[in-house]
Amino acid sequence: MAHSADLPENAQSYWMATSDRTSYPPLGGPLDIDVAVIGGGMAGLSTAWELTRTGRSVAVLEADRIAAAVTGHTTAKVSALHTAVYDRLRRTRGPDGACHYARSQQEAVERIAEIAAELDIACDLERLPAFTYATDPGRAASLRAEAHAAREAGLPASYVQETGLPFPVAGAVRVENQAQFHPRAYLLGLAEGLLARGAAIHERTRVTGLTEGSPCRLTTASGYTVTARDVVIATHYPVFDRALLFARLSPRRELVVAGPVPADRDPGGMYITEEGAKRSVRTAPYGPGDGERLLIVTGESYKPGTEDSDDLYERLTAWTRRHFPDARLAYRWSAQDNDSTDTVPLVGPFHAAARHTYVATGFGGWGLSGGAMAGRLLTDLIRGKQPPWAGLYDPRRLRSTLREAPAFLKHQAQVARHFVGDRLGPAGSAARVAPGTGAVVREGARHWAVYRDEDGTAHEVSARCTHLGCLIAFNPGEKTWECPCHGSRFDTDGRVLQGPANRPLERRSPERRSPGSASGNA
């Protein structure tokens, strides 16, 4: 399909484009440490920071570059208002559950502000109200209920019918004193603070194995071993399957467009709605003066491996231009989130028998406040303390999981459909894959993922995801292979871009290629 030339040209996160590239050394030998933190995003670095303050020796092990994956592509809202969660929590977890959620998340917002001030991090942190809105009058009653539940849970929440958006709303939940910032600037400052406290950061260090015990042992792709009393798995989607958390996590991707807008068009807050394909709107400081702000609009949620992102970018761009005609959209990027089946993140002991392994995952699009919350909670647990909300987030919880059985079963049905149904597709030939496109072809019992670049060269890899074996699918808009089961993503040569997979796709050797699949125009 032909795509519009009106899409923003810069296919890069604004946060990545306006921050320095990191170059921390990979692990160069065996390491013995108090705590190993796997993952260098918001949750991992926040946990490492809190642990160093207890006097523990800490190492952060990042497979690629810190603050460059999910955190480097977020919209960077730091809020305890998570769309519409409090009325549901009040019904499913009781008033105490809703209060614990609100308190832990709002304390996380304040903790981020404290750390930014303590380390003097220039990260454009601003305190603004957050809104969950609807344009459909039929949703007004549910928003009133959400505002009431959020206020009862302890947040400064109110129900309003006027906002700063350039279109009318039926109603909105407003929560005061939330925050937004430049996430890369914040985390790079935090990383420097970690080094100053004696912590170690190792990039390009992929952890491939975990042996639990006293102590725990981690193996890495480079062959070196890390020995640690405690291990924290903060890889967004856990890279180890022994806790079976993949059955309780549903991945989704969302698109972002951004560009400067006149400052007098700033809607003055952070906005989100669940209507339609979801929309999130906010602005950020932009340029040397005060005449413009950076407009950031998010939406068009989809499951990895099921959509052409360029089609969705066109919808999101059209919506943004319609409501903000003065915006000069310059950036576009995408982000990935994991939703837990019962809506609450999974933070705590990794599994029922875990004694020294911990996990933080399932933030559902709210990984900045969630990651800061996780850092404090996991540090308390490692120290032998039990904060009031430990049970709320405990990954071993069962009652809420059983209560949310319909969501759990729906997710598993979708996984089963892809795992079985995708294998029944028709046979094809690599020779029929046109330049600039990709497709999965079946030859006998094997499936191959074939991408042909613009020069006509075919890049062929196994179409079986190295996580649990689901068949991957091609995303033409991002030129990536994506797993629709659990969200792993790979580049056209099979390199892992996003877990839970931690091994590349098998590359097809020349002698295994069928006639017509070799390099050359199809």
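**Close-up views of a predicted model**

**View 1. Pro-251 lies in strand S11.** In this predicted model, local features need pLDDT of at least 70 and side-chain atom pairs count only at pLDDT 80 or more, while totals for chains, interfaces and linings use all residues. Residues are numbered from 1 along each chain as its sequence is written, and side-chain values use heavy atoms, with hydrogens and water left out. Strands are DSSP runs of E with at least two residues and helices are runs of H or I with at least four, both numbered from the N terminus. Pro-251 counts as buried because its relative accessibility is 2%; buried means under 20% relative accessible area, exposed over 50%, and partly exposed in between (1.4 Å probe, protein chains only).

**View 2. Strand S14 (residues 292–302) is mostly covered.** Of its 11 residues, nine are buried. S14 pairs in the antiparallel sense with strand S11 (residues 249–262) over nine bridges; pairing requires at least two DSSP bridges between two strands. Ala-258 stands opposite Ile-296 of S14. Strand S13 (residues 279–285) also runs antiparallel to S14, joined to it by seven bridges, and here Ala-284 has Leu-294 as its bridge partner. The hairpin of S13 and S14 has six residues between the strands, and in this hairpin Gly-287 takes a positive phi near 75°.

**View 3. Helix H8 (residues 367–382) is largely enclosed by the rest of the structure, because 13 of its 16 residues are buried.** From first C-alpha to last, H8 reaches 21 Å, close to the 22 Å expected at 1.5 Å a residue; the expected span is 1.5 Å times one less than the number of residues. After H8 comes Gly-384, with a positive phi near 85°.

**View 4. The largest cavity has a volume of about 50 Å³.** A cavity is a set of points on a 1 Å grid over the protein atoms alone where a 1.4 Å probe fits but cannot get out, and lining residues have an atom within 4 Å of a point. Grid points are joined across faces, edges and corners, and the volume is the space filled by probe spheres set on the points. Searching the whole structure finds two cavities of 30 Å³ or more. Residues lining the largest cavity include Lys-77, Phe-131, Tyr-271 and Trp-366. Strands S4 (126–134) and S12 (270–273) each supply at least two of the lining residues.

How values were computed:
1 Å grid on protein atoms, 1.4 Å probe; cavity = no way out; pocket = protein on both sides within 12 Å on 5 of 7 lines; lining within 4 Å.
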